[in-house]
Amino acid sequence: MGVFTSIKRSFGNTKKQIKRSGWLAWASVLVMTLAFFIASIFLLLAYLSNLFLLSIENKPHIYVFFNAGTEESTIKKLNDQLISMDEVFHVEYTDEKGAITEFKAVQEKKDPQLAQNIRSNVLPPSLGVRLKSIDDADKLITYLSNEKMNNDDIFAVRYSKESIDMIKTLFYWLRIGGGIIIGLLLVVIFLFTLLTVEFRTFSRAEEIGIMQLVGGSLWFIRSPFIFEGAFYGMVGSFIANSIIFILYFIVFYLNASSSAVTFVINLFGNLSWPTLEPVHYILFFLGTLLFGAIVGAFNSIVAIRKYIY
């Protein structure tokens, strides 16, 4: 028997098994759908949390202040040096006029009289440095401190070591905790889907035993169960993704003008979201279908081993 004929026969047996399964087939699909839907929601929340942490991590934590009247070319030179460093995400330059404008905008709410009386040349120009990772703060602080010693135009290098150390510790434990929670969730989902496959396989234990007695090969016995599990996993993944995309369309397109959606967009819209093209969504959709098929097939392989001697 050729390989193509063997696979074709296995697909035929799989089709018959699915038709005979009745409510077990629907139950398997629903379990897979629920598992992939919950996993997708939690992974999306984990990704959103990571973007939110990165937005805090990338905010300016180190400031370089220059003496009033420092030439802009001198400031730009240091600005270019910082931008060329691998540790630096972005550098924000604020000139003297900009510093006055920002100060007035803040003080007009707290102390309007102070905002009106401040002189135009009292605040120095500055560079606000945003890091790619807060772990690189010490390295950059050392670099800027050395730069200050050799550059008379630099008035001061300001940072809060307590805040930086607190952010480092907090982000470390948040990421460790998030990874553990996601890992446990995936294990629970795997065991949940495996239990469903196990129940489906148990209901056919007698059928498996008969096929072994009449001399059925391991591939002949296993393949329909493997393909069946892959089918359920793929269908469950398809339905779960379809529900998520439909919910996304309803919430963010059909109800885009609602106050709740506007609040969410304003809250998370400034995060560093990746730029995605339609082809990326298609590849993601196909990738999740393949992942669902692999999970279903793997669960079936694990479940059926117990019944083949």
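## The largest pocket

The largest pocket has a lining of 39 residues, and S40, L44, I244, Y248 and F284 lie nearest its centre. Here a pocket is an open set of points on a 1 Å grid over the protein atoms alone, where a 1.4 Å probe fits, with protein on both sides within 12 Å along at least five of seven lines; lining residues have an atom within 4 Å of a point. The elements that give two or more residues to this lining are α2 (23–57), α7 (161–202), α9 (218–254), α10 (259–268) and α11 (278–304). Helices are DSSP runs (H or I, at least four residues), numbered from the N terminus. This is a predicted model, in which local features need pLDDT of at least 70 and side-chain atom pairs count only at pLDDT 80 or more, while totals for chains, interfaces and linings use all residues. Residues are numbered from 1 along each chain as its sequence is written, and side-chain values use heavy atoms, with hydrogens and water left out.

About 1,600 Å³ of space lies in the largest pocket, a volume being the space filled by probe spheres set on the grid points. Which element gives the most to the lining of the largest pocket? That is α2, with eleven residues. By class, the lining has 32 nonpolar, seven polar and no charged residues. Nonpolar covers Ala, Val, Leu, Ile, Met, Phe, Trp, Tyr, Cys and Pro; charged covers Asp, Glu, Lys and Arg; the others, Gly among them, count as polar.

## The second largest pocket

The second largest pocket holds about 300 Å³ of space. It is lined by 13 residues, with L45, A46, S49, L174 and G178 the closest to its centre. Two or more lining residues come from each of α2 and α7, and α2 gives the most, with seven. The lining divides into eight nonpolar, four polar and one charged residue.

## How α3 meets α6

Now to a helix pair. Helix α3 (residues 72–83) packs with helix α6 (residues 137–150) at an angle of about 155°, their axes 13 Å apart. Axes are lines fitted to C-alpha atoms over the stretch in contact, and angles run from 0 to 180 degrees between N-to-C directions. That angle makes α3 roughly antiparallel to α6 (the term is for angles over 145 degrees).

L78, Q81 and L82 of α3 make the contact with L140, Y143, L144 and E147 of α6, where contact means heavy atoms within 4.5 Å. These residues divide into five nonpolar, one polar and one charged.

Note on methods. Angles under 35 degrees count as roughly parallel, over 145 as roughly antiparallel, 65 to 115 as roughly perpendicular and the rest as oblique.
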